[in-house]
Amino acid sequence: LWVDKQVDDLPSKVIKSISGFQSKYERLLVDIYCDYKTEGFRLGSPVVLDLEDVFVPLKVETGNSENISSAMVSNQHTINHSENQEIWDFLAAISKQDCYRCMAVIAPPGYGKTTLLKHLTLTYAKNRHRKYKAPKFLPILLYLRDIREEITSSQPPNLPELITKHLKTQPAFAELKPQTDWFNQQLKNGKCLVMLDGLDEVADSHEREKV
């Protein structure tokens with residue numbers, strides 16, 4: 001009864017937003033990222049596993065910014081902790097520490113950076129972030145290999161334009177008909193977790209700086 005009353009008190013635009021585009025978007029993310037496809041293993045036929053079953057939480061070590069190339073990350077923050085933490089510890093602290101609002105996960109190839117971002121996307125899409133005491137975000141996972149040329153063009157799009165255009169090119173999201181204004185509003189309200197994967201795939205230093 002309490003839940004029903006709270007829903008009844010919500011503005012119609014909010015109800016439409018929650019029950020319409022966002023819920024469909026999150027369901028599609030679950031369909032896309034629920035499976036984990038093994039790569040690099042000679043097991044005969046392709047093996048598809050449940051990502052939630054095989055994901056191993058990674059420990060995030062906050063290192064000294066002096067050891068990080070300035071060509072990779074700028075405006076670095078050095079934060080010392082007594083022990084390694086998980087990515088969820090940093091996401092849970094976003095509301096208290098602004099420096100966590102922009103983070104870079106740096107590790108050699110094969111260390112699970114992409115899988116980590118897929119795990120975050122799937123967890124948020126399933127609304128299971130609460131068990132990590134993290135704030136609710138709308139997950140947006142973009143692969144730089146797919147959008148690099150647009151970002152480095154002479155007239156690059158802004159972030160909501162980039163997100164909308166990218167989704168429109170993906171067959172899985174074609175029926176959603178994403179609108180730039182919708183994503184623009186979510187971003188302005190601080191409701192999105194935007195994840196850019198594959199900075200190491202931008203080999204040219206000038207292009208990387210633009211990205």
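1. Helices (H or I, at least four residues) and strands (E, at least two) are DSSP runs, numbered from the N terminus. Keep that in mind for Leu 144, which sits in helix H6 (residues 144-151).

2. A word on the source: this is a predicted model, where local features need pLDDT of at least 70, side-chain atom pairs count only at pLDDT 80 or more, and totals for chains, interfaces and linings use all residues. Residues are numbered from 1 along each chain as its sequence is written, and side-chain values use heavy atoms, with hydrogens and water left out.

3. Now the overall picture. The chain has 9 helices and 4 strands, in the order α-α-β-β-α-α-α-β-α-α-α-β-α along the sequence. Of its 211 residues, 31% are buried (under 20% relative accessible area, with a 1.4 Å probe and protein chains only).

4. Next, have a look at helix H5, which covers residues 113-125. How many of its 13 residues are buried? The count is 10, and among them are Leu 116, Leu 117, His 119 and Tyr 124. After H5 comes Asn 127, with a positive phi near 55°.

5. Back to Leu 144: is this residue buried or exposed? Leu 144 is buried, as its relative accessible area is 3%. Leaving aside residues up to four places away in sequence, Leu 144 touches Ile 151, Leu 196, Asp 197, Gly 198, Leu 199, Val 202 and Val 211 (a contact means heavy atoms within 4.5 Å). One of these, Asp 197, is 53 residues from Leu 144 along the chain, yet their C-alpha atoms are separated by 5.8 Å.

Terms used
Buried means under 20% relative accessible area, exposed over 50%, partly exposed in between (1.4 Å probe, protein chains only). The expected span of a helix is 1.5 Å times one less than its number of residues.
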